[in-house]
Amino acid sequence: MVKINGLTYHYSSEVQLKFPDFSLSKGEQALILGQSGCGKTTLLHLLSGLLKPNSGAVDVENENISKMSGARLDNFRGANIGIVFQTPHFIEALTVKENLTLTQTLAGKSKNVDKVKTLLADLGVESKLNSKLNALSVGEKQRISIARALVNSPALILADEPTSALDDKNCDAVLKLVREQAKKHNSTLLIVTHDNRLKDQFDKRIEL
Amino acid sequence: MNILRLSWKNIMSKPLPSLLSMLLLAVGLSTAIILKLTEHQLTENINNTGKDVKLVVGAKGSRLQLVLSSVFQIDNPTGNINYGFYSLLKRNRMIKEMIPVSMGDSYKRKRIVGTNQDYIRLFSGKLKEGVLFEKPLEANIGSVVASELGLKVGDEFVGGHGMEEVLHSHDEYKYKVVGVLQRNGSVLDNLILTPVQTVWIMHAGHGGDSEYTLGAGDKSMHAPEEVLEDSLSQIAKEHKHEHHHHNHHDHGEVNLDSLLANIDPKDREITSILFPNLSGNAKIGVLNNANNQPNMMAVDPAPEIMLLKNKLTPFVSIIIAISWFISIIAMFSVFIGLLNSLRGRKYEIALMRVLGASKAKVLVSILFEGVILSVLGFLLCLVLSHSGMELIGSWMQNEYQYEFTGWIFLSSEFTYLLVAIAIGLVSALIPAYKAYNTDISETLSK
């Protein structure tokens, strides 16, 4: 389902990153651990096709996304990969509902408000459906961004330090939600973090 | 949620900068449209009013002034000529139609024109109520005169000497409204029309031409004696005829006919003569005849109007330049507005790409923002320009005898929609290209 093989990325001749090979089966949940600056975010960008590797291949759903380009790659990413960012960002001009339905249409899927409502209810933020984003707390925003990553039921969910900005209580809650929802949608989940609070909760860990 | 709606929402989320851009664009385009509307209506009025008058004969002076005063009712008359010349030409069978025009009096700032019924036909006037004037002191009034001054058939009023300010009123005789004309957008709407004889009666006993001469103060002229002799006897005959004709109508205390008959032919004056349907030899004949008189001239209105239009061209060019200038500033305003808004939305652009939007889609969404702003600016401009025109129109009506309205729409206005869209597109080009080239990975890593 997700497989990386001989992956390297060069920022410059001095900064060359080499990533260990690994693969995840469908529905599997894993952690990528490493200290700041070891290339965690770079790996995540390589996995989602935002960056092109200098060598090696990234396979998602048996497609080598390192070879894809242009609109085809954008489309594939939108439909198959959901990303939860460290700091949640949204289109500020839109409401929660509009942000999520935009995510559906940008991925080439039809608008489905019922699905949006169900997701928000699962994440405990159903009352925020018509709120503007700037009216929400950080914790609420992070839940909405999880909802956004899940709204197209992607094959792969990538989360970049999803808990580092949260306190212990919210950290546990958010992690639980992500894992539950990934399971519910039968999505493969890969969390990139240096947050040691998560360490013991995953069987599969990849160290950079 | 499609891209167009997203662009719309992005604009609406920043109402003030968006409004500023729209307003600038609207003001720039409005200037151009108001100019177009004015030009259109002015040209239409000039053409409608001037097209049927082939020649004007009046007192020597400014040629343009004679045309403006006698045909367009804008300027002051150049002076007066003797009615004898009119009577003389009347006997020329080559001249089919001629209309005397006598000006100088007014009632509440509305011009009183002494003429004949042909004048009403010249401007395709039709009666709304009442009958056409026939006898002295009878008057037909234009629709604007009727509505503004509240006059109706049967009303009487006292006219005054002078066209802007009444120097003294002719209170011995009253005008009587016998007919109201339909509104037709011509000079008739703003005029009070009466037989030429009314003017003579009003001025009888006021000492003739020195009192009557207006504006430039030209001395009224008298045709040379030898030309006049014939025509004077002709007038005398005409008036005898009128005397008999009207005698049984008059029951009033004043016998107008005997009064008229007592007016010295030298005091029978008119301002000018209009010649519709005059061409070829007849036109040349009148031209020569009039220009040979010491204090008379004949003017073809068409070249004079052309000259006037040419004189206006530089002013029109300046206004066009100003409207372009404002539009270009508007373009920069849209450009800077978009650039500013995008700077804050860099992350959002990257986000759209992560969510599956292609580079092209992002490009289009920004171009849409420029186009939406410009279309809204155009709509605002329609409101501004037409209500502005209506406002200017009511002011201009006091200056000219024409009505300008803001409630007409020209098909050429839609060219300005295209101009607006072009401005929107051009100003969005660079911001859109920047968004197109956003480095997603780098933006998201910050």
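A:Lys141 touches A:Pro88, A:Leu133 and A:Leu136, leaving aside residues up to four places away in sequence. The model is a predicted one. A:Lys141 sits in helix H5 of chain A. This lysine counts as buried because 20 other C-beta atoms lie within 10 Å, and the cut-off for a buried residue is 20 or more. A:Val125 lies 16 residues away along the chain, and its C-alpha atom is 9.4 Å from that of A:Lys141.

Stay with helix H5 of chain A. What is the angle at which H5(A) packs against H6(A)? Helix H5 (residues 138-150) and helix H6 (residues 168-184) of chain A meet at about 10°, and their axes are 11 Å apart. The two helices, H5(A) and H6(A), are therefore roughly parallel. On the side of H5(A), the contact uses A:Gly139, A:Gln142, A:Arg143, A:Ile146 and A:Leu150. H6(A) answers with A:Asn170, A:Val174, A:Leu177, A:Val178 and A:Gln181. By class, the residues of this contact are five nonpolar, four polar and one charged.

A:Val84 belongs to strand E7 (residues 81-84) of chain A. A:Val84 is in contact with A:Ser145, A:Ile146, A:Ala149, A:Ala159, A:Asp160, A:Pro162 and A:Val178, leaving aside neighbours within four places in sequence. A:Val84 and A:Ile146 are 62 residues apart along the chain, yet their C-alpha atoms are separated by 5.9 Å. Is A:Val84 buried or exposed? It is buried, because 23 other C-beta atoms lie within 10 Å.

Now look at the nonpolar interior. In soluble globular proteins, nonpolar side chains tend to be buried together. The largest nonpolar core here has 102 residues. Which residues have the most contacts inside it? They are A:Ala147, A:Leu158, B:Leu25 and B:Leu29. Helix H14 (residues 359-399) of chain B gives the most to this core, with twelve residues. A second, separate core has 60 residues, including B:Leu55, B:Met98, B:Ala146 and B:Met297.

Apart from neighbours within four places in sequence, B:Leu25 is in contact with B:Ser327, B:Ala330, B:Val334, B:Ser374, B:Gly377, B:Cys381, B:Ala420 and B:Ile423. B:Leu25 also takes part in a helix pair. Helix H2 (residues 15-50) and helix H15 (residues 413-436) of chain B pack at an angle of about 150°, with their axes 11 Å apart. That angle makes H2(B) roughly antiparallel to H15(B). Their crossing is right-handed. H2(B) brings B:Leu25, B:Leu29, B:Ala32 and B:Ile33. H15(B) brings B:Glu413, B:Tyr416, B:Val419, B:Ala420 and B:Ile423. By class, this contact has eight nonpolar residues, no polar ones and one charged.

Step back to chain B as a whole. It has 16 helices and 14 strands. Of its 446 residues, 44% count as buried. Among contacts in chain B between residues at least 6 apart in sequence, 79% join residues at least 24 apart. Helix H7 (residues 196-203) of chain B is mostly covered, with eight of its eight residues buried. Those residues of H7(B) are B:Val196, B:Gln197, B:Thr198, B:Val199, B:Trp200, B:Ile201, B:Met202 and B:His203.

Next comes the place where the chains meet. The contact takes 26 residues from chain A and 21 residues from chain B. In chain A, helix H1 (40-47), helix H2 (70-80) and helix H3 (96-106) each supply at least two residues of the side that touches chain B. That side of chain A divides into twelve nonpolar, nine polar and five charged residues.

Two backbone details remain. Most residues other than glycine have a negative phi. A:Asn62 has a positive phi, near 65°. It lies in the loop between strand E5 (55-60) and strand E6 (63-64) of chain A. A:Asn62 counts as exposed, because it has 7 C-beta neighbours inside 10 Å. B:Gln73 also has a positive phi, about 60°, although it is not a glycine. B:Gln73 is in the loop between helix H3 (63-70) and strand E2 (81-82) of chain B. Is B:Gln73 buried or exposed? With 21 C-beta neighbours inside 10 Å, B:Gln73 counts as buried.

Methods: Residues numbered from 1 in each chain as written. Chains lettered and ligands numbered in written order. Predicted model: local features only at pLDDT ≥ 70, side-chain atom pairs only at ≥ 80, totals over all residues. Buried ≥ 20, exposed ≤ 12 C-beta atoms within 10 Å, placed from the backbone. Helix = DSSP H or I, 4+ residues; strand = E, 2+ residues; numbered from the N terminus. Contact = placed C-beta atoms within 7 Å. Core = buried A, V, L, I, M, F, W, Y, C linked by C-beta atoms within 7 Å. Nonpolar A, V, L, I, M, F, W, Y, C, P; charged D, E, K, R; others polar. Axes fitted to C-alpha atoms, helices over the stretch in contact; angles between N-to-C directions. Parallel < 35°, antiparallel > 145°, perpendicular 65-115°, else oblique. Left-handed = near helix turned anticlockwise from the far one by under 90°.
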